[in-house]
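Work through the exercises below with the sequence and the model open. Each task is followed by a solution in steps.

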Amino acid sequence: IMLLTDPEVESSLLISSDEGATYQKYRLSFYILSLLFHPEQEDWILAYSHDQKLYSSVEFGRRWQLVHERVAPNRFYWSKTGLDKEPGLIHLETSISETQALYVTCKLQNCTDANKGKPFPGYIDPNSLVVQDEYVFVQVSTGGRPIYYVSSRRDVFTPMKLPKYTLPKDLHVISTDENRVVAAVQEWNQNDTYNLYVSEAGGVFYTLALENVMSSMGPEGNVMIDLYEVAGIKGMFLANKKLNNEVKTYITYNKGRDWRLLQAPSADLRGNRIHCMLPYCSLHLHLHVSANPYTSGNIASRDSVPGIIVASGSIGSELSSSNVSMFITSDAGNTWRQIFDEEYSVLYLDQGGALVAIRHTPLPIRHLWLSFDEGRVWNKYSFTSSPLFVDGVLGEPGEETLIMTIFGHVSHRSEWQLVKIDFRSIFNRRCTESDYVPLIPNGNPCFQGERCLMGVKRVYRKLKATASDYGFERRSDGKCSAAFWFLPSSMSRACTTEHTFLNSTGYRKVVSNNCTGGVMEQYTSRRQLCPSQAPRGLHLVTSEGKLTAALGSNVTFLVFLEEGDGSKTSITVDFGDGNAFTYSNVSSIEDGIKHIYKSVGIYRVSAMAENSLGSETVLLFLHITCQLESVHLAAPFVAVKNKEVNLTVVLFPSQVGTVTYIWWFGNNSEPVISLEGSVSFTFSREGVTVVTVQVSAGSHLLQDRKSIAVH
């Protein structure tokens, strides 16, 4: 057990290795804002401090080591087994300025410059790094417009391809399950809604899944999108969509291929019949999930309890914040029942074998409700002798948890009270096979009469086996046809390095679809020769993403091409110092081109891609500098009033690159700024005048001053 002390009193950790019987205190030299535990190594922890520093511990907090400074909040991630080269790797975003950041990887106990990795070539936008499952996402803004990049399985970064006329101003990654990305994109004409897009396995190409999903601002200024991924059932989402100024809840079982409204319960709590006919009337749910682990939010589901969802909502033509009730489904959203006519926090016990409910109220309470039949019958129990203001409820981790803790206070002036409730005495035997019943899906007969969906007997709703591919749109008759802007060969990365590409038929097999045979051959992409195409989208950057480099250092240039026949396209790189090299194709320079400059200066570096159909050129202006060591101001000791005097600055070394000179004369509040090392000045008053010159070279600023007597 680990406890953090109140930072207003002291900064310490209290650690217990005997379930809280004894604690040992460890003082800290920093204040902890957040902790990130390793998913597999239980003693490995990352701690983020109040001054943007990231620390690591491999001894469960007993000793700490600084990993990196200027780390962006909540933008640090543990490595993933099977994808990253080693388990002790950390992905993090470091702040360079208000508009620039870097994506770096670091070793847990040895984060030196020599051991840092820089997977993305260049700067990224602040607070844009997302590392989730096998994908890494970053954002780069150019000319005020964001470009989103994705890397799959730690491969090279590629711009994410949304349909051509999509103009995104914001993007959030929602899900990366089953080798497929679900992203919410706010387009230029949207204010309180987002469109939902789904990718293929690489996370590069996206097709529209649902328009106008509602969003709102969270308590910390974060965007909250009304989309909920149901735990325990792959590909199942609930979304609140704005339609004709009404917000309605929709459900999908196939990651956005098909959506439908929720059928309202047939009767209320008292057994009275509810008259609610689709599509005019349906069930609508509040889909906000609490970021606080002590409160349940509006909706709850668990991986260990597939098919059971508890949520607050309302019945009618649209979602309402008044007349809110609690609803439950036991069959993954096909049918719903009302369980309370006001809001409650609901916890799962023993793989859903029992549900515990505590009322949401500002008043003190003494009772909780317990159900053993998925919310059909509830029994009332007292958990405290004196009423308690409940601040939160926490279930112990684990699939078969039978322990819950209630946090609260007896009065507004009292300390926190913790009430631990152990339900183990109620469950007096282990479940056997006879205690389970199969959950029958609403699928198609696919094997020996079994009902299944997409080749597996675990999903709950019928769907077609194909989804629309990138660049294709589904017509009103259900068939897919190419959008007017779509050119299939231009979207294939294979055509920049190979001779052939897979040409889409307009359909894409859903990633989680396990069916075989059938219409597979009819809809599968077909390999075709790449058409001859002039090069387009040529990029030239340094591996550091910088426009400056030190004299004598090894500068690595990265060149990549978005479109064109890479195997037949030559690349010529001119370094601007009289040296130029030509490469026969793009693939031969994937690891970069290294070059050393021998003189200080500004170099015009160019790259040209050329084949028989055309060419494209891109420029980069690189500043080669060396460190300024000293500055000397040469000036006369005596000057004559109203007569011009020459002042000169001598630098060592004399050639350091682009230099700016800032001159201060006497008590003048405004300096004179020049790019030359000498200026002429006329003194208009008698007396002693102090002249100060500041020399700015790169990140270095040195100065010298002289006193001049004016007569």
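Buried means under 20% relative accessible area, exposed means over 50%, and partly exposed lies in between (1.4 Å probe, protein chains only). The model is predicted, so local features need pLDDT of at least 70 and side-chain atom pairs count only at pLDDT 80 or more, while totals for chains, interfaces and linings use all residues. Residues are numbered from 1 along each chain as its sequence is written, and side-chain values use heavy atoms, with hydrogens and water left out.

**Exercise 1.** Classify the ring pair F30 and Y55, and state which parts of the chain the pair ties together.

Solution.
- Rings of Phe, Tyr and Trp (its six-membered ring) pair if their centres lie within 6.5 Å; planes under 30 degrees apart count as stacked, over 60 as edge-to-face and the rest as tilted.
- By this rule there are 16 aromatic pairs.
- For F30 and Y55 the centre-to-centre distance is 3.8 Å and the angle between the planes is 5°, a stacked pair.
- Helices (H or I, at least four residues) and strands (E, at least two) are DSSP runs, numbered from the N terminus.
- F30 belongs to the loop between β3 (24-27) and β4 (32-37) and Y55 to strand β6 (residues 54-57), so the pair ties together parts 25 residues apart in sequence.
- F30 has 4% relative accessibility and counts as buried; Y55, at 10%, also counts as buried.

**Exercise 2.** Why is the pair F340 and Y344 stacked?

Solution.
- The ring centres of F340 and Y344 are 4.0 Å apart and the planes are at 15°, so the pair is stacked.
- F340 is buried at a relative accessible area of 7%, and Y344 is buried at 8%.

**Exercise 3.** Which salt bridge does K25 form with E10, and where do the two residues lie?

Solution.
- A salt bridge is a side-chain nitrogen of Lys or Arg within 4 Å of a carboxyl oxygen of Asp or Glu.
- The structure has 15 salt bridges.
- In one of them, the side chains of K25 and E10 meet at 3.2 Å, N to O.
- K25 is in strand β3 and E10 in the loop between β1 (2-4) and β2 (12-15), so the pair links distant parts of the chain, 15 residues apart.
- K25 is partly exposed, at 41% relative accessible area.

**Exercise 4.** Are D258 and R257 buried or exposed?

Solution.
- D258 and R257 form a salt bridge, with the closest N and O atoms 2.7 Å apart.
- Both D258 and R257 are buried.
- Elsewhere, salt bridges with shared partners join E10, K25 and R27 into one network.
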